[in-house]
Amino acid sequence: MCGIVAYIGSKDVYPILIKGLKRLEYRGYDSAGIALLNGDLNVYKKKGKVQELENFVVGKSTRGNTGIGHTRWATHGKPDDTNAHPHTSGNGRLTLVHNGIIENYASLKKALIKDGHTFHSETDTEVLVHLIEAVQDRYNLPLEEAVREALTQVVGAYAIVVMDKNDPDKLVAARKASPLVLGIAEDGFYVASDGTPIVEHTKKVVYLDDEQIATVLRNGSYEIRSIDNELHTPYVQELNIEISKIEKGGYDYFMLKEIHEQPETIHDAMRGRINAGEKWVKLGGMDDYLERIANARRFVILGCGTSWHAGLVAEYLFEDLARIPVEVEYASEFRYRNPVITEEDVVIGISQSGETADTYAALELARDNGAFLYGIVNVVGSSIARLTHAGSYIHAGPEIGVASTKAFTGQVTLLTLMALQIGRLKGTISDEYFAELVSELEAIPAKVQRVLENNEKIAYIASEIKSANNALYLGRGYNFPVALEGALKLKEISYIHAEGYPAAEMKHGPIALIDENMPVVVIATNKSAYEKIASNIQEVKARKGIVIAVVTEGDSVISKMADYSIEIPDTAEPLTPLLSSIPLQLLSYHTAVLRGCNVDQPRNLAKSVTVE
Ligand code: G6P
């Protein structure tokens, strides 16, 4: 939700900002803007993608060794040039980029207008830069003090970087509930919403904590203070991102690359955590808390979007293999519902980014009620990773396509390992079944590779359904969450309205929608309910629906009933989502491409939702 990049040092800042913004574009692409300091202050902003900004800047001055940049996902004010960041103070001295929401901006704005301030945009951000200016003027403060003082008056979430034209050798950055990373290099300092714009310049980073303010100087010195003006010793960490992982590497879209990375990312999620030969599963993150986790009265799983779907798969896994009752909740509903949470609950937060505002706040609420928090997160060092008592990273590498793919299978892999380890400890799973699942799990990456070999066939099926206005996804048991996820993928990137349903529920509503124009994707790999799913397909066919069935290799019954079928290798039922989700990712990808959609940057969406 909005990307920030900034630099101060000896290098030319313009290319650093543009490249950085392109890396951060997944966080929002309603507008982009930069401000460059070079004695003069040049601010360039443009509605649309970073490319539009680049075109706009051609022929203009890009000089400067200090600058800030922003790519926006609009909250307050429509996406246009005026509302684009950076925003400048009334006296033209300060410029600021902001990610987050200033909740009390209306009252602050009213007071500032009373004091003679004039605003040009509809944004909360412009209010913040005017507030800092007002504080700076009133008390004649250096920039960092003015920022600190102003932030004490602010309610809401922010990650900001501010420049002062009269103090050109300094940048001030601050955060609360929106991420910010400081990169420390020989040639200067980098600040960004995540490590991707920083990694090719330095691997030494400091993740700012909530209510911390960093002041960085061109001479190489820096300090971090809390909003209460306490000095903090920075914890410098190594940034663990491979550049090849944040580039497209020959693929047309990041999403396609990320789909194809799954044999490797699933393997990485299991690396060192499983051994089929020796028959063990061990998550280091659970080590010190095994008793507490295994003896939980229940698990509550919190997430949003695709992560919530991974949570639904986990409900089946934990109940099936570890016999622990599970509730899966939309984080946004949970946090406002006065939920019943006790110290005997283990609350699992699932988040690719580790920054989703609703998931974070819901976890905080659970923690305040005494629950033990376990995080399943991809982005190392992210807010949710730091908030939870313990957790496991999925190690999927940066996921850039807005529609989540490899993070989903990574999350499901991790949750499967968790269920197996707990089930083994509790004795709720037999030795034989444990051994079978562990060796099946080890075989999954190679089987995913085989699913990917259906790419061409799936592209052809996409060409047959690309003009549909609606689609239905049906699945039972472990494949029900997969149906939800398949439908979400299709609507996110191809803008075809799609719904996922438990196959048997079709009769209670969606069947009324079925006609010869309605593609119905049926995930029909279940062994336990095979006959029932076959009947559901007959019901669809009787109403002339177009059936696309995902079946097990060698299937001879359902594949004959369906108009199109996609085979996936056989596996143990609890592991099916790791295979059956993949053709659905490819189906939505190809459908979106054929409809001319921007797969990696679907309209109105953002990768990391750091606002409510
Ligand atoms: C956004 C993204 C989804 C993601 C969801 C939750 O909606 O577009 O792909 O599943 O947020 O994000 P998280 O980072 O918490 O998994």
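Predicted model: local features only at pLDDT ≥ 70, side-chain atom pairs only at ≥ 80, totals over all residues.
Close-up 1. A polar side-chain atom of S307 sits 2.5 Å from an oxygen atom of the ligand. S353 also takes part, with an N or O atom of its side chain 2.6 Å from a ligand oxygen. T306 contributes through its backbone instead: one of its polar backbone atoms is 3.0 Å from an oxygen atom of the ligand. On its own the ligand would expose 390 Å², and the protein buries 91% of that.

**Close-up 2. The shell around the ligand.** Here you can look at the 13 residues around the ligand, of which S307, S351, Q352, S353 and T356 come nearest. The shell is made up of 4 nonpolar, 8 polar and 1 charged residues. Helix α9 (residues 305-322) gives the most to it, with 3 residues.

**Close-up 3. The salt bridge between D187 and K11.** The closest N and O atoms of this pair are 3.6 Å apart. D187 counts as buried at 19% relative accessibility, because the cut-off is under 20%. K11, at 32%, is partly exposed.

Close-up 4. E200 and K19 meet through their side chains in a salt bridge, 2.7 Å from N to O. E200 belongs to the loop between β10 and β11 and K19 to helix α1, 181 residues apart. Both are partly exposed, E200 at 30% and K19 at 39%.

Definitions and conventions
Residues numbered from 1 in each chain as written. Heavy atoms only, no water. Near = heavy atom within 4 Å. Polar contact = N/O pair within 3.5 Å; in protein donor to acceptor, adjacent residues only side chain to side chain. Areas by Shrake-Rupley, 256 points an atom, 1.4 Å probe, with all protein chains shown as cover. Helix = DSSP H or I, 4+ residues; strand = E, 2+ residues; numbered from the N terminus. Nonpolar A, V, L, I, M, F, W, Y, C, P; charged D, E, K, R; others polar. Salt bridge = Lys/Arg side-chain N within 4 Å of Asp/Glu carboxyl O. Buried < 20%, exposed > 50% of the residue type's maximum accessible area, 1.4 Å probe, protein only.
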